[in-house]
Amino acid sequence: MATDLSRPDPDGSGISRRLTRRIRTEIRARGWIGFERFMERALYEPELGYYNNGSTKFGPLGDFVTAPELSPVLAGVLATRIADVLRPFDEPVVLEVGAGTGRLAVDLARALRALDIRAQYWILEPSPELRDRQRRRCAAAGIEIRWLDDFPREPFDGAIVANEVLDAFPATCFVKRAGEVRPLGVGWAEREFAWMEGPADAELSVYIASLERRLGRRLADGYRSEVSRQLPSWMRRVAAALSRGAVYVLDYGLTETEYYHPQRPHGTLICHYRHRAHDNPFLFPGLQDISAWVDFSACARTARQAGLTVAGFTTQGQFLVEAGTMPDAGSRPQAADLAAAQALKTLVLPGEMGERFKLLVLSRGMSLDPPPGRDFRARL
Ligand SMILES: C[S@@+](CC[C@H](N)C(=O)[O-])C[C@H]1O[C@@H](n2cnc3c(N)ncnc32)[C@H](O)[C@@H]1O
């Protein structure tokens with residue numbers, strides 16, 4: 001397994017060069033593009049973007065590992081919560097948004113079946129290449145899935161699950177300069193992409209002014225960070241899709257106060273290439289993941305505005321430990337249990353995924369107990 005930032009193979013280099021040329025053409029025509037636009041093309045350009053070009057992405061031979069890829073434990077615990085949501089409905093649906101390799105779909109559908117829940121399982125997946133992978137995996141597991149191109153027009157009763165999807169929404173980057181908010185984007189200089197400040201953006205400035213009012217302080221000069229401008233419309237579409245039920249959003253993220261903390265002056269943008277995390281989004285366009293941490297306060301606010309109720313907010317570690325996933329202290333592990341125990345540790349330990357990853361539960365048309373784990377809703 002390659003573990004450095006060394007050059008990609010010839011196929012990968014070819015993809016990256018073609019994508020670079022396309023983005024450079026747009027930059028030349030317009031002089032500048034916002035980072036949001038760059039990230040959208042780097043991740044989602046048809047056939048060439050990271051999520052569309054057939055690269056491995058997930059697992060040891062890819063660039064990163066997600067919680068469902070590590071272990072079926074998260075799926076098992078989610079299933080017990082989702083089963084309670086689905087039980088009262090005659091024709092319940094689980095809609096998974098952004099299903100990656102289909103691993104969570106298989107484990108969750110199986111766990112629901114084991115709990116005697118008969119539900120339709122739908123996946124909303126924009127990447128044709130990942131859809132193919134999901135189709136193969138689900139078919140091999142005997143799981144029946146319906147794939148959607150968009151949120152359904154007719155609202156349904158059930159659950160919506162999005163694990164590590166919101167971090168992949170193109171981020172709008174900005175910097176404070178002499179008291180003004182400047183959008184940060186991408187230019188072309190000395191044969192490569194380079195950060196470049198763009199023209200004032202009234203909508204962005206209004207958002208940052210309201211953020212500063214909520215924080216009760218101004219962001220310092222030179223402070224850089226991100227905003228997800230796709231989040232409000234995504235939340236509105238989620239809310240419109242759900243008649244009664246719950247939404248489970250899991251991702252790495254922070255509350256607003258932590259996200260825009262003075263000690264986080266460079267924002268949260270993070271790139272993954274061959275299991276190395278770094279902060280250069282211009283490296284090998286199309287061959288590395290680019291993401292930004294999720295602002296869970298913004299998620300909760302936009303969810304409420306869309307008519308959803310915030311039913312729970314805790315850390316992934318708290319959620320899994322309080323759900324009783326840890327082995328008994330007195331039990332003797334078998335050799336086969338050790339790999340599973342290692343994966344579980346990665347999911348729950350504070351220095352691993354346990355605290356960085358959060359679970360936000362939203363509900364509509366039904367009352368829901370908060371999930372297991374400390375209730376951090378007051379911090380949102
Ligand atoms: C980091 S992967 C996570 C995959 C999977 N949920 C997991 O945890 O293993 C991000 C997934 O979200 C999908 N995705 C990205 N943007 C999306 C959007 N706007 N709507 C739905 N899915 C999206 C990607 O194609 C990919 O399947």
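Reader: What share of the contacts in the protein with a separation of 6 or more comes from residues 24 or more positions apart, and what makes a pair a contact?

Author: In this predicted model, such residues account for 78% of those contacts. Two residues count as a contact because their C-beta atoms, placed from the backbone, lie within 7 Å.

Reader: How do you know that the radius of gyration agrees with that of a compact globule?

Author: For 380 residues, the rule gives a value near 21 Å for a compact globule; the protein has 21 Å, and therefore the two agree. The C-alpha trace spans about 60 × 50 × 45 Å along its principal axes.

Reader: What makes a residue buried, and what percentage of the 380 residues is buried?

Author: A residue is called buried if 20 or more other C-beta atoms lie within 10 Å of its own. Of the 380 residues, 45% are buried.

Reader: Why is strand E15 called mostly covered?

Author: Strand E15 comprises residues 309–315, and five of its seven residues are buried. Each of those five has 20 or more other C-beta atoms within 10 Å of its own, so the strand is described as mostly covered.

Reader: How do you know that E15 and strand E16 pair?

Author: Pairing requires at least two bridges, and E15 and E16 (residues 357–364) have six, so they pair; the sense is antiparallel. In one of these bridges, threonine 314 has leucine 359 in E16 as its partner.

Reader: Which residues come nearest to the ligand?

Author: Among the 18 residues around the ligand, Thr66, Gly98, Gly100, Ser127 and Asn163 come nearest. By class, the shell has 10 nonpolar, five polar and three charged residues.

Definitions and conventions: Residues numbered from 1 in each chain as written. Predicted model: local features only at pLDDT ≥ 70, side-chain atom pairs only at ≥ 80, totals over all residues. Rg over C-alpha atoms; globule rule 2.2 N^0.38 Å. Buried ≥ 20, exposed ≤ 12 C-beta atoms within 10 Å, placed from the backbone. Near = placed C-beta within 6 Å. Nonpolar A, V, L, I, M, F, W, Y, C, P; charged D, E, K, R; others polar. Helix = DSSP H or I, 4+ residues; strand = E, 2+ residues; numbered from the N terminus.
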